[in-house]
Amino acid sequence: MSLLIDDDRPIFAQIAERIENDIIDDVLPEESQVPSTNQFAAYYKINPATAAKGVNLLVDQGILYKKRGIGMFVATGARSRLLEARKEQFYEQYVIRMLSEANKLGITEEQLTQMIKRGAMLK
């Protein structure tokens, strides 16, 4: 687990995103148990209720589910649902803005494609 450092976002949202990232990265495979809210609270030195709010956000989205008396688990299909949601977020947050700015600057589709290819070579 990495540290929570984004002061601009609620801690519970950062907990949920950390779990999402672990699912996407296969650190938490489908049907595996997720750390308890008390474990999150102890690790991040936060209130267990705050950790529970982040976990429950993912339960509400069907990413996690509770096995009574055992704990929280990653739902089957959670990774693919998260990937699709993140791709849509990426499109809305970056691609649409990029295209709008490119249009403002008079950048053609061909020029934009060349810029992206040039950027890809930097990896």
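Is glutamate 101 buried, partly exposed or exposed? In this predicted model, select glutamate 101, which counts as partly exposed at 38% relative accessibility.

Staying in helix 4, select lysine 87 and glutamate 84, which lie 3 residues apart, about one turn of the helix. These two also form a salt bridge, with the closest N and O atoms 3.9 Å apart, and lysine 87 is exposed at a relative accessible area of 51%.

Next, select aspartate 26 and arginine 79, a salt bridge with its closest N and O atoms 3.7 Å apart. Aspartate 26 sits in the loop between helix 1 and helix 2 while arginine 79 sits in helix 4, so this pair ties together parts that are 53 residues apart in sequence. Aspartate 26 is partly exposed at 46% relative accessibility, and arginine 79 is likewise partly exposed, at 29%.

Finally, turn to the largest nonpolar core, which has 21 residues, and select those that touch the most other members: Ile19, Ile23, Val34, Phe40, Ile63, Leu64 and Val74. Helix 1 (11–24) is among the elements that supply at least two residues, and helix 1 gives the most to this core, with 5 residues. Centre the view on leucine 64, whose contacts beyond four places in sequence include Ile19, Val55, Phe73 and Ala75.

Methods
Residues are numbered from 1 along each chain as its sequence is written. This is a predicted model: local features need pLDDT of at least 70, side-chain atom pairs count only at pLDDT 80 or more; totals for chains, interfaces and linings use all residues. Side-chain values use heavy atoms; hydrogens and water are left out. A nonpolar core is a set of buried Ala, Val, Leu, Ile, Met, Phe, Trp, Tyr and Cys residues joined through side-chain atoms within 4.5 Å. Buried means under 20% relative accessible area, exposed over 50%, partly exposed in between (1.4 Å probe, protein chains only). Helices (H or I, at least four residues) and strands (E, at least two) are DSSP runs, numbered from the N terminus. Contact means heavy atoms within 4.5 Å. A salt bridge is a side-chain nitrogen of Lys or Arg within 4 Å of a carboxyl oxygen of Asp or Glu.
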